[in-house]
Amino acid sequence: MTFVLDTGAPLALLEPDDPDHERYVAMVERLGEDLVVFASVLVELDDWLRKLDELTVWRTFDEDLAKGAYRLVQLDGPDMARAAELEARYAPTSVSWTRA
């Protein structure tokens, strides 16, 4: 099974002061699943960490990514088209492109 992470999960996992840190760490340890991060999430993660002045956390994430703690996935054209279809279909809900 694969566990797809949005921006909030790596933030909480990497930042011990995050209110959700312990909960996310426990969940990842309990699930023991492949942690997937879409390349599109990297932009938002970098932006948040810069706003929080947490560039050391970004470096930690980058090192963890290089060690295989996360699997980076790049969406191709058909994947992006399908995500857009799902976003349009579920527009009345809170499903966004990144969650589609």
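1. In this predicted model, the largest nonpolar core comprises 19 residues, and the members that touch the most others are Leu5, Leu13, Tyr24, Val37, Phe61 and Tyr70. Several elements contribute to this core, with at least two residues each coming from H1, H2, strand E2 (34-38), helix H3 (39-51) and helix H4 (55-67). H1 gives the most, with five residues. As background, nonpolar side chains in soluble globular proteins tend to be buried together.

2. Leucine 5 deserves a separate remark within that core. Once its neighbours within four places in sequence are set aside, leucine 5 is in contact with Pro10, Leu13, Leu35, Val36, Val37, Val41 and Tyr70. Leu13, Val37 and Tyr70 in this list are also named, together with Leu5 itself, among the core residues that touch the most other members.

3. As to the overall architecture, the secondary structure of the chain amounts to five helices and three strands, and these follow one another along the sequence in the pattern β-α-α-β-α-α-β-α. Taken along the principal axes, the C-alpha atoms fill a box of roughly 35 × 30 × 25 Å. Of the contacts in the chain with a separation of 6 or more, 62% are accounted for by residues 24 or more positions apart.

4. The surface and the burial can be read together. The chain has 100 residues, of which buried residues make up 30%, and it exposes about 6,700 Å², with carbon and sulfur atoms supplying 54% of that area. The charged side chains number 10 positive and 21 negative, and the centres of these two sets lie 4 Å apart.

5. Glutamate 15 is the charged residue I would look at with care. It lies in the loop between helix H1 (8-14) and helix H2 (21-31), and it is buried yet has no salt bridge, the nearest side chain of opposite charge being that of arginine 59, which is 12 Å away. A salt bridge would need a side-chain nitrogen of Lys or Arg within 4 Å of a carboxyl oxygen. Leaving aside neighbours within four places in sequence, the residues in contact with glutamate 15 are His21, Glu54 and Val57; of these, Glu54 belongs to a residue type that counts as negative.

6. The structure holds five salt bridges, among them one between the side chains of aspartate 20 and arginine 23, with an N to O distance of 3.1 Å. The two partners fall into separate accessibility classes: aspartate 20 counts as partly exposed because its relative accessibility is 29%, whereas arginine 23, at 54%, counts as exposed.

7. Another salt bridge joins the side chains of lysine 51 and aspartate 47, again with 3.1 Å from N to O. Both residues lie in helix H3, four residues apart, which corresponds to about one turn of the helix. Lysine 51 counts as exposed because its relative accessibility is 59%, while aspartate 47, with a relative accessible area of 36%, is partly exposed.

8. A further salt bridge is found between arginine 82 and glutamate 85, whose closest N and O atoms are 3.2 Å apart. These residues both lie in helix H5 (residues 77-89), three residues apart, and so about one turn of the helix separates them. Arginine 82 is partly exposed, with a relative accessible area of 44%, and glutamate 85 is likewise partly exposed, at 47%.

9. Is aspartate 53 buried or exposed? It counts as exposed because its relative accessibility is 64%, the class being set at over 50%. Phi of aspartate 53 is near 55°, a positive value in a residue other than glycine. For context, most residues other than glycine have a negative phi.

Notes. Residues are numbered from 1 along each chain as its sequence is written. This is a predicted model: local features need pLDDT of at least 70, side-chain atom pairs count only at pLDDT 80 or more; totals for chains, interfaces and linings use all residues. Side-chain values use heavy atoms; hydrogens and water are left out. Buried means under 20% relative accessible area, exposed over 50%, partly exposed in between (1.4 Å probe, protein chains only). Contact means heavy atoms within 4.5 Å. A nonpolar core is a set of buried Ala, Val, Leu, Ile, Met, Phe, Trp, Tyr and Cys residues joined through side-chain atoms within 4.5 Å. Accessible areas come from the Shrake-Rupley method with a 1.4 Å probe; for residues, only the protein chains shown count as cover. The place of a charge is taken as NZ of Lys, CZ of Arg, CG of Asp or CD of Glu.
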